[in-house]
Amino acid sequence: MRTAPVTKIIEHSVVDGPGNRAAIFLQGCNFNCAYCHNPETIDPSARPESLSVLTAEQVVERVAGAVPFIRGLTISGGECMLHAPFVYDVCSLAKQRFGAEFSCLLDSNGSLPFDLVLPVIDGVLLDVKAAGESTHEALTGAPLDPVLASVTVLARAGKLIEVRTVVTGDGEEAFRCIELVCCRIREAAGADAVGRTGYKLIRYRPKGVRKEYLRNLKVPAAPSMERAVEHARQCGFNPVTAV
Ligand code: SF4
């Protein structure tokens, strides 16, 4: 029976995808983002007190109590796709038990292939953290290309629900991300596909960020956020949200 290290299960969340949903957080991430708010979730071998190693059946059982009041579940991290077979098991079991309409979403950094899980998920909330290869490497410690490949695969499959970018400083990098993702979606699935994809712009906040990274990160001013939001709207993303 496949298991995964689960750091937290929230039975009712309104911030992990559309509507009221259960959110399941898994330990371990293959990125090391400078602005990570939950750096304690990065180390795959860490075993914080709150962590339980659970089977997919146990996770679905926990979610079952909330099912009359939620429309689906979202699996997050860390990076949930480090546990792709487990993600597959949770989503396929949830659909068997609660019906095909019960939506299963992933919150992912997009660095790992989705092939295994695509048949059992409804979509992905995908982080695109920078538009330049070297900027992406410097910010996350990981290459950008696999993330862009995921944009293409998910857009073609009609499973790119929302793209998320953290806006820092003057907002220029976020501006470039919006443009790049827009082009990728158009190439992969046509201009209409952009209008079926949401874009969430997340204002960088220093709370929870490791001390050594604080100096190089700046909170964006309101006009930088507004400009990014306006640009995402002009590109045709729908809906565009800022938090
Ligand atoms: S991808 Fe998310 S969990 Fe992983 S290091 Fe970056 S912000 Fe943290």
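## Two cis peptide bonds

Pro 239 is located in the loop that connects α8 and β9; helices (H or I, at least four residues) and strands (E, at least two) are DSSP runs, numbered from the N terminus. The peptide bond leading from Asn 238 into Pro 239 is cis, with omega near 0 degrees. Gly 78 belongs to the loop between β4 and α2 (84-98). In general, most peptide bonds are trans.

The model is predicted: local features need pLDDT of at least 70, side-chain atom pairs count only at pLDDT 80 or more, and totals for chains, interfaces and linings use all residues. Residues are numbered from 1 along each chain as its sequence is written, and side-chain values use heavy atoms, with hydrogens and water left out.

## Overall dimensions

The protein contains 8 helices and 9 strands. Its radius of gyration is 17 Å, close to the 18 Å that the globule rule gives for 243 residues, so the protein is as compact as a globular protein of that length. This radius is taken over C-alpha atoms, and the globule rule is 2.2 Å times the number of residues to the power 0.38. Along the principal axes, the C-alpha atoms fill a box of roughly 45 × 40 × 30 Å.

Of the 243 residues, 53% count as buried (under 20% relative accessible area, with exposed over 50% and partly exposed in between; 1.4 Å probe, protein chains only). The accessible surface comes to about 11,000 Å², and carbon and sulfur atoms contribute 53% of that area; the areas come from the Shrake-Rupley method with a 1.4 Å probe, and for residues only the protein chains shown count as cover. Among contacts (heavy atoms within 4.5 Å) with a separation of 6 or more, 71% involve residues 24 or more positions apart.

## The sheet

An open sheet of 9 strands is arranged in the order β3-β1-β2-β4-β5-β6-β7-β8-β9, with mixed pairing; two strands pair if DSSP finds at least two bridges between them. On average, neighbouring strands are turned by 30 degrees against each other, direction ignored.

Strand β2 (residues 21-26) pairs with β4 (residues 72-76) in the parallel sense over 5 bridges, and Ala 22 has Leu 73 of β4 as its bridge partner. Strand β7 has 7 of its 8 residues buried, so it is largely enclosed by the rest of the structure. Its parallel pairing with β6 (residues 123-127) spans 4 bridges, where Asp 127 stands opposite Arg 164 of β7. The pairing of β7 with β8 is likewise parallel, over 6 bridges, and Glu 162 has Gly 198 of β8 as its bridge partner.

## Helices across the sheet

Helix α1 (residues 56-64) lies across β1 (3-13), β2 and β3, and runs at about 95 degrees to β3. Helix α8 (residues 222-235) lies across β7 (160-167), β8 (198-203) and β9, at about 170 degrees to β8. Axes are lines fitted to C-alpha atoms, for helices over the stretch in contact, and angles run from 0 to 180 degrees between N-to-C directions.

## Domains

The domain assignment gives domain 1 (1-127) and domain 2 (137-243), with bounds taken from an automatic or database assignment. The domain centres, taken over C-alpha atoms, are separated by 21 Å. Contacts between the domains involve 28 residues of domain 1 and 27 residues of domain 2.
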